[in-house]
Amino acid sequence: MEKKYTILMALMGLEIGGAETHVVELSKELHKQGHRIVVASNGGVYVKELTDLGIKHYSVPLNKRKIFKMIESYFMLRDIIKKENIEIVHSHARIPGFICGFLHRTMKFTFVTTAHWVFYTGMGLKYLTNWGQKVVAVSEDIKEYLIDNYKVDNNDIFVTINGIDTDKFSPDTESSRVKEEFNITDERTIVYVSRMDEDRALVARQLIEIAPRLDKR
């Protein structure tokens with residue numbers, strides 16, 4: 001029988017965003033598989049979706065870089081790990097990873113991180129980053145970034161793509177309300193969704209540029 005683990009997901013917050021959505025979907029799937037999931041974050045709109053499924057959420061100021069808030073988060077996470085008998089800690093951002101890295105020095109848990117994007121490494125911030133015992137990278141480019149900038153061992157990096165909930169995103173999904181709202185009448189529609197940050201917007205611009213060629217095909 002496959003062993004079931006008690007896993008702590010540590011991230012900055014649970015407002016709408018790519019990494020946040022990933023953590024929610026990952027937590028739900030692991031919960032469905034029988035693992036016990038606990039989430040710690042500064043909170044946000046996704047908290048209810050988790051708690052409605054019976055996934056416990058702790059409010060911890062993991063989005064704050066101020067030293068006193070980080071110390072507060074350290075002791076709060078320490079107490080959560082002890083109380084919930086956490087076996088695996090999975091961090092999803094720089095501040096949670098930094099704090100969990102300190103906890104890992106004295107506590108017995110497996111420490112995993114996910115690199116959802118690249119971090120600025122100047123002004124000493126490079127040394128506030130802890131990638132744990134194993135790290136998941138969401139692309140080959142980010143894997144190379146980890147090796148080049150943080151000297152993470154190639155054997156400790158696992159590349160995967162972010163999955164989706166195939167019940168939500170499938171040909172059978174009812175989309176008439178969305179089509180009506182955005183006045184979409186074409187049968188084939190490509191939708192790109194992200195924050196319009198400078199780096200992420202590059203994908204949107206490239207999609208717009210190749211749209212005529214896609215249409216011809």
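Residues are numbered from 1 along each chain as its sequence is written. In this predicted model, local features need pLDDT of at least 70, side-chain atom pairs count only at pLDDT 80 or more, totals for chains, interfaces and linings use all residues, and side-chain values use heavy atoms, with hydrogens and water left out.

**Exercise 1.** Decide whether strand β1 is buried or exposed, and find its pairing partner.

*Solution.* 
- Take the cut-offs: buried is under 20% relative accessible area, exposed over 50%, partly exposed in between (1.4 Å probe, protein chains only).
- Count along β1, residues 6-10: 5 of the 5 residues are buried, so the strand is largely enclosed by the rest of the structure.
- Check both faces. T6, L8 and A10 are buried on one side, I7 and M9 on the other.
- Find the partner. Strands pair if DSSP finds at least two bridges between them. β1 pairs with β2 (residues 36-41) in the parallel sense, over 5 bridges.

**Exercise 2.** Describe the salt bridge between E49 and K28.

*Solution.* 
- Apply the rule: a side-chain nitrogen of Lys or Arg lies within 4 Å of a carboxyl oxygen of Asp or Glu. The model has 10 salt bridges by this rule.
- Read the distance. The closest N and O atoms of E49 and K28 are 2.7 Å apart.
- E49 sits in helix α2 (residues 47-51) and K28 in helix α1 (residues 18-32), 21 residues apart.
- E49 is partly exposed at 25%; K28 is buried at 16%.
- Widen the view: E25, K28 and E49 form a network of salt bridges.

Technical notes:
Helix = DSSP H or I, 4+ residues; strand = E, 2+ residues; numbered from the N terminus.
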